[in-house]
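Here is a short report on one protein chain. Look over the sequence and the coordinates, then read on.

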Amino acid sequence: MELNKQERQLVALLPKGRVHPRKIKEIAGLMEMDARTVRFLVSHLITVHGCPIGSSPSNPAGYYWIENETERAQALGPLNAQVGKMAERISALANHPIITKEEVLKNQDKGA
């Protein structure tokens, strides 16, 4: 596994374990890049290099280095929920008829 300079820096900034994750804004500031780039690097480290990086959406929120199966399960929970919500959205967009904005607004006016 050959990491570039930014990837090594990001890995070094990640705390071990879920107890004290590091916020994306903090990582971005320390690395002098925007949050979007940090998210891209995290995704790349996970998908290409197999790094066990978890994120916690709730307090304490942030990224951390997964150290055990419990932390892995905690990191996978929100991701699986997100996939489920995305599948619902995809299904709705794919299966509902296309209607105009005017039709939607007209229907709302009738109900008011």
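In which loop does His 49 lie? The model is predicted. In this model, His 49 sits in the loop between helix H3 (35-47) and strand E1 (53-56).

**Around His 49**

Is His 49 buried or exposed? Its relative accessible area is 17%. The cut-off for a buried residue is under 20%, so His 49 counts as buried. Which residues does His 49 touch, leaving aside its neighbours within four places in sequence? They are Met 1, Glu 2, Leu 3, Glu 7 and His 44.

**The chain as a whole**

The chain holds 5 helices and 2 strands. From the N terminus on, the order is α-α-α-β-β-α-α. The radius of gyration is 20 Å, whereas a compact globule of 112 residues would come near 13 Å. Along the principal axes, the C-alpha atoms fill a box of roughly 60 × 30 × 30 Å.

Buried residues account for 26% of the 112 residues. Take the contacts between residues at least 6 apart in sequence: 50% of them join residues at least 24 apart. On charge, the chain carries 15 positive and 12 negative side chains. The centres of these two sets lie 3 Å apart.

**Helix H2**

Helix H2 spans residues 24-31. Which of its residues are buried? Ile 24, Ile 27, Ala 28 and Met 31 are. Seen down the axis of H2, these buried residues fall within an arc of 100 degrees, so they line one face of the helix. The spacing rule behind such a pattern is simple. An α-helix has 3.6 residues a turn, so residues three or four places apart point the same way.

What do the buried residues of H2 pack against? Their partners are helix H1 (5-13), H3 and strand E2 (62-65). The face turned away from the buried side of H2 carries Lys 25 and Gly 29, both exposed.

Lys 25 lies in H2. Its relative accessibility is 72%. The cut-off for exposed is over 50%, so Lys 25 counts as exposed. Lys 25 and Tyr 63 are 38 residues apart along the chain, and their C-alpha atoms are separated by 11 Å.

**Two backbone details**

Glu 32 follows H2 and is found in the loop between H2 and H3. Its phi is near 55 degrees, a positive value in a residue other than glycine. Glu 32 is also exposed, with a relative accessible area of 74%.

Where is the cis peptide bond that involves Pro 60? The bond runs from Asn 59 to Pro 60, with omega near -10 degrees. Pro 60 has its place in the loop between E1 and E2.

**Accessibility side by side**

The table collects the relative accessible areas given above.

| Residue | Relative accessible area | Class |
|---|---|---|
| His 49 | 17% | buried |
| Lys 25 | 72% | exposed |
| Glu 32 | 74% | exposed |

To recap, His 49 is buried in the loop between H3 and E1. Glu 32 is exposed in the loop between H2 and H3. Lys 25 is exposed, on the face of H2 turned away from its buried side.

Conventions:
Residues numbered from 1 in each chain as written. Predicted model: local features only at pLDDT ≥ 70, side-chain atom pairs only at ≥ 80, totals over all residues. Heavy atoms only, no water. Helix = DSSP H or I, 4+ residues; strand = E, 2+ residues; numbered from the N terminus. Rg over C-alpha atoms; globule rule 2.2 N^0.38 Å. Buried < 20%, exposed > 50% of the residue type's maximum accessible area, 1.4 Å probe, protein only. Contact = heavy atoms within 4.5 Å. Lys, Arg positive; Asp, Glu negative; His and termini not counted. Charge placed at Lys NZ, Arg CZ, Asp CG, Glu CD. Arc of directions from axis to C-beta.
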